[in-house]
Amino acid sequence: MDHAADAFRTDLMTITRFVLNEQSKHPESRGDFSILLSHIVLGCKFVCAAVNKAGLAKLIGLAGETNVQGEEQKKLDVLSNEVFVKALVSSGRTCILVSEEDEDAIIVEPSKRGKYCVVFDPLDGSSNIDCGVSIGTIFGIYMIKDGGEPSLEDVLQPGKNMLAAGYCMYGSSCTLVLSTGSGVNGFTLDPSLGEFILTHPDIKIPKKGKIYSVNEGNAKNWDGPTAKYVEKCKFPTDGSSAKSLRYIGSMVADVHRTLLYGGVFLYPADKKSPNGKLRVLYEVFPMSFLMEQAGGQSFTGKERSLDLVPKKIHERSPIFLGSYDDVEEIKALYAAEENT
Ligand code: AFP
């Protein structure tokens, strides 16, 4: 991208314009999805501003509550959750919401109901807030299964049924990456305009990458295929160069780098956490949806991640996602283990 030329660009593709263009390809569309998305975008802008001000406004630090995963909640988590819940409900386009911060699903009151179900993690990577490392919001959108009363069944659908997914990364810039099921596009917030501008059109992940990303501190508890894969990354036996290790500990930032540079991000099962750490609905599914849309793959160690059918809203799953060829190698190691 030519940044000098960008400074003088006058024909700006904002996210609103982009989504309206997409909508015009579906003449039957009543614009409900565009309205829903504009409310999500507003939530992202609000959280971005709050994250940027956190150090100054003393928003960081414990809020004195614990979330449903038993983790200490930060003030920014509480704020971000409130902002997204209010933005989604007031859109008038949602019927059921699942947030990482709320134990129970939120059933939207009948007068404000629409047909979309939204699953989200309002501020993922909160342990990184206090040191200014990138954090993010992750979301996935489903359509209600039938027109009746919304229920948990509407969000306990396999990830492949998602209509759209995305994340917003609050880092050195604020970047929103979105897929509505026909490719992946990235938008960067121009603070002077207050608008997300298309900066990364049609993102495709490299077919093979040079980076692996995992919390190696858990290595002593890994299963055979994970241990073998990481060993291969460090000591390849096929004459290729060893891969580099990069791990931020913020899924949005680690996945964003993986999407742009290629390679793999893994949060495997281990002896202590047989289901891994990451949550199916609002971490594994949206990121897997984006990865597949960008030409990569996502695997749970047993199956394609998007085929998984969750039984509980806060369920966890192991995940291996990234460049097509790299995930293919991991799948082969699991298949070999199964055949022994
Ligand atoms: P926090 O929200 O507690 O910081 O967890 C972040 C996260 O859910 C995800 O964003 C990271 O990929 C993963 O956990 C990091 O987990 P480890 O700290 O166990 O490596």
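Phenylalanine 299 is buried, because its relative accessible area is 7%. Buried here means under 20% relative accessible area, exposed over 50%, and partly exposed in between, with a 1.4 Å probe and protein chains only. Tyrosine 334 also counts as buried, at 12% relative accessibility.

A word on the source. This is a predicted model, where local features need pLDDT of at least 70, side-chain atom pairs count only at pLDDT 80 or more, and totals for chains, interfaces and linings use all residues. Residues are numbered from 1 along each chain as its sequence is written, and side-chain values use heavy atoms, with hydrogens and water left out.

Now the rings. Rings of Phe, Tyr and Trp (its six-membered ring) pair if their centres lie within 6.5 Å; planes under 30 degrees apart are stacked, over 60 edge-to-face, the rest tilted. That rule gives six aromatic pairs. One of them joins phenylalanine 33 and tyrosine 116, edge-to-face, at 5.9 Å centre to centre and 70 degrees between the planes. This pair links distant parts of the chain: phenylalanine 33 sits in helix α3 (residues 32–57), tyrosine 116 in strand β5 (residues 113–124), 83 residues apart. Helices (H or I, at least four residues) and strands (E, at least two) are DSSP runs, numbered from the N terminus. Both phenylalanine 33 and tyrosine 116 are buried.

Back to phenylalanine 299 and tyrosine 334. Their ring centres are 5.8 Å apart and their planes at 70 degrees, so this pair is edge-to-face. Phenylalanine 299 lies in strand β14 (residues 297–299) and tyrosine 334 in helix α8 (residues 324–338), 35 residues apart. Ring pairs link Phe299, Phe320 and Tyr334 into a cluster.

Which helix does α8 cross at roughly 140 degrees? Helix α5 (residues 224–234), with the axes coming within 9 Å. Axes are lines fitted to C-alpha atoms, for helices over the stretch in contact, and angles run from 0 to 180 degrees between N-to-C directions. α5 and α8 are therefore oblique to each other. Under 35 degrees counts as roughly parallel, over 145 as roughly antiparallel, 65 to 115 as roughly perpendicular, and the rest as oblique. Tyr334 turns up again here: the α8 side of the contact includes Tyr334 and Leu333, and the α5 side includes Pro225 and Tyr229. Contact means heavy atoms within 4.5 Å.

Last, helix α6 (residues 251–261) and helix α7 (residues 280–293). They pack at about 15 degrees, with axes 11 Å apart. That makes α6 roughly parallel to α7. Met251, Val252, Val255, Thr258 and Leu259 in α6 meet Glu283, Met287 and Met291 in α7.
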